[in-house]
Amino acid sequence: MNIKKPLLVIVLLLVVLVLVPWLIHVSGRWDFYYTLTSVALLSIASAGVWLTFYIGRINIGQGAYTLIGGYASAILVTKLGMNFWLTLPLAGLICALISIVIGLPILRLRGVYFAMVTLVLTEVARLTALALPITNGAKGIVNIPMPTELSFFGITIIPDFGTLENPKLAFYIASVIMMVLCYAALYRIVNSRLGHLCRSLQQNEELSASIGVNTAYLRVLAYSISSFMGGIAGASFVSISQSVYPSSFQVVDSVNFMLNCFLGGLGFVLGPMLGTLVLYFGWDLLFTLGKYQLLIYSSMLILLMVWLPNGLLSLKLFNRGAKKK
Amino acid sequence: MTAILEVDKLTRRFGGLVAVNNISFDVKQGEILSVIGPNGAGKSTLFKLISSFLSTSAGEVRFKGEKVSDLSPHVVARKGIVRTFQETTIFRSMTTRENIIIAHHLRSKASMAGYFWGSAQARRDEATFAKSADEIIQFLDMQGIADELASNLPQGNLRALGIAIGLATDPEILLLDEPFAGMNHDETMQMVDLVRSVQRERGVTVMLVEHDMPAVMKISDRIVVINFGEKIAEGTPAEIRSNDKVIEAYLGSEDDAIGI
């Protein structure tokens, strides 16, 4: 098992950093870079939602944090002229801070009540973006410059995306590396005592408290990590599209983040990643069906959930080697 | 024997209802004390007040002279007062061993970041917990079900698991909520022996709330009887058996329930 894990990461990195670009190069489908970048970023936001599921909370509010993260980065870049790569962690931290303030009261709620409040959060974030002067209302923030060079002591670590021949590839690589880092962190959380404590929360909060777990603190911690992931995903999206509007992330996106987790499997760290990939491509592939796209798409979702309530990763196909998690 | 826990004029109101009314008693170091009373007498409320799952309306609880009421449940647990629940309250999708290991959390010294990075302290903690969990499994004779999912366990084992979870926290006082409910006579007697051995061999002070009178009479060093939120009697099982107020409180329900 010890040899398998790093091997798996290396294989994954090889696939996403070598095989995929090569395939795209050969086939000439350059548009796939944008699609796959989106999948990588969406799956980071979904990973956050997955973590809140892991402490037993249904989170339909990740869209709020992706929007906040997007605006935070956009404002810092355009108004203060900060380097995008600096605003990226800052956007995550701002989201984490906001989520602590919001989470302290609302994480006391459970089940459908928490879900409803988070659903409203996305809408509140959108309306706030419409109302505030700094977010420039419905016109949004446009013409956001490309990420500039990041260098330490004269050594270039990340080149200026604006001067690159193929910024799409650069965005793709940056997103994929971020995705791998986020999932590695998530894997580490789940497989350390932290994860066991989260599971104890999910299964029985009262018992958790009586064995000495500071449940309020742990809930807020998990929620802020979740929002951090939402924030960096949002910031990256905004940087790629070079614009952000109040409607950039809506309730639909929040619901999709949650669906990605459901579809991939709530019991598996890689669940939200697979879920995002399948949902995103599934939607695109059904494009040829025209007006029936949504009908067939949603019917398939319902069938999948009935057939595989524990997600795609619960299929025997994936579970052969990995019975003990 | 000195008092380890002092319940002092404890009162809790829910709106107009006084669930616990001015109750005072001491729990002595190393004893088994049962709280009995008819349904709705306020026993569970009393337990929740002691473990800080509820806040008090008046009065206080002192543990070794220090006030422990009106804190957070996890703070009280960290001081050494640990409450176990009825059988449904375990971590259902963990195995027996995982349940016991996670319950060692009270004793962990590593920080949250330490767990994440796998610091030396975190690894030391895990090793200690695993070893201690094995000891508890041995002590409670649970080797056969150690790797079984808790949701697959029968009632008797679940109850024992509840106690194992309590033991893992290394408590000074263990609060048991109806440990014999829904058990037949043999299972009850096994459980009585188990609780007795927890008290004798591990030096844990035990407080329990229970309906099963024969078991209470057999297991308790002392008994506190409450009715309508008030304490009506306190004493050894023999004293309680012959107490007029107790007989009156139980009269009309089942006379033989208290073994008269």
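Visitor: How many other C-beta atoms lie within 10 Å of B:Pro38?
Guide: This is a predicted model, in which local features need pLDDT of at least 70 and side-chain atom pairs count only at pLDDT 80 or more, while totals for chains, interfaces and linings use all residues. Residues are numbered from 1 along each chain as its sequence is written, with chains lettered from A and ligands numbered from 1 in the order in which they are written. A residue is buried if 20 or more other C-beta atoms, placed from the backbone, lie within 10 Å of its own, exposed if 12 or fewer, and partly exposed in between. B:Pro38 counts as partly exposed because its number within 10 Å is 16.

Visitor: Where in chain B is B:Pro38 placed?
Guide: Helices (H or I, at least four residues) and strands (E, at least two) are DSSP runs, numbered from the N terminus. On that basis, B:Pro38 is in the loop between β3 (32-36) and α1 of chain B.

Visitor: What distance separates the C-alpha atoms of B:Pro38 and B:Leu175?
Guide: Along the chain, B:Pro38 and B:Leu175 are 137 residues apart.

Visitor: In what order do the strands of the 6-strand sheet of chain B stand?
Guide: Two strands pair if DSSP finds at least two bridges between them. The edges are taken by β6 (81-84) and β10 (230-235) of chain B, each with a single partner strand, so one side of each has no neighbour in the sheet. The sheet is open with mixed pairing, and its order in chain B is β6-β7-β8-β3-β9-β10.

Visitor: Which residue is the bridge partner of B:Leu175 in β8(B)?
Guide: Strands β7 (residues 173-177) and β8 (residues 205-209) of chain B run parallel and are joined by 5 bridges. The partner of B:Leu175 in β8(B) is B:Met207.

Visitor: At what angle does helix α6 of chain B run to β6(B)?
Guide: Axes are lines fitted to C-alpha atoms, for helices over the stretch in contact, and angles run from 0 to 180 degrees between N-to-C directions. Two residues are in contact if their C-beta atoms, placed from the backbone, lie within 7 Å. Helix α6 (residues 155-168) of chain B lies across β6 and β7 of chain B. Its angle to β6(B) is about 165 degrees.

Visitor: Which are the edge strands of the 4-strand sheet of chain B?
Guide: This sheet is open and antiparallel, in the order β2-β1-β4-β5 of chain B. The strands that pair on one side only are, in chain B, β2 (17-28) and β5 (66-67).

Visitor: Which residue of β4(B) is the bridge partner of B:Leu5?
Guide: Strands β1 (residues 3-14) and β4 (residues 58-63) of chain B share 5 bridges in the antiparallel sense. One of the pairs joins B:Asp8 to B:Glu60. For B:Leu5, the partner is B:Phe63.

Visitor: Which residue in the turn between β4(B) and β5(B) has a positive phi?
Guide: 2 bridges join β4(B) to β5(B) in the antiparallel sense. These strands form a hairpin with 2 residues between them. The turn residue with a positive phi, about 50 degrees, is B:Lys64.

Visitor: Is B:Ser52 buried or exposed?
Guide: B:Ser52 is in the loop between α1 and β4 of chain B, and its phi is positive, about 65 degrees, although it is not a glycine. Most residues other than glycine have a negative phi. Because 24 C-beta neighbours lie inside 10 Å, B:Ser52 counts as buried.

Visitor: How many of the 24 residues of α2(A) are buried?
Guide: The expected span of a helix is 1.5 Å times one less than its number of residues. For α2 (residues 31-54) of chain A this gives 34 Å, which agrees with the 34 Å between its end C-alpha atoms. The helix is followed by A:Gly56, whose phi is positive, near 85 degrees. α2(A) is mostly covered, and its number of buried residues is 19.

Visitor: Which helix gives the most to the side of chain A that touches chain B?
Guide: The contact takes 21 residues from chain A and 25 residues from chain B. On the chain A side, α6 (167-190), α7 (193-203), α8 (205-210) and α9 (215-241) each supply at least two residues. With 7 residues, the helix that gives the most is α7(A).
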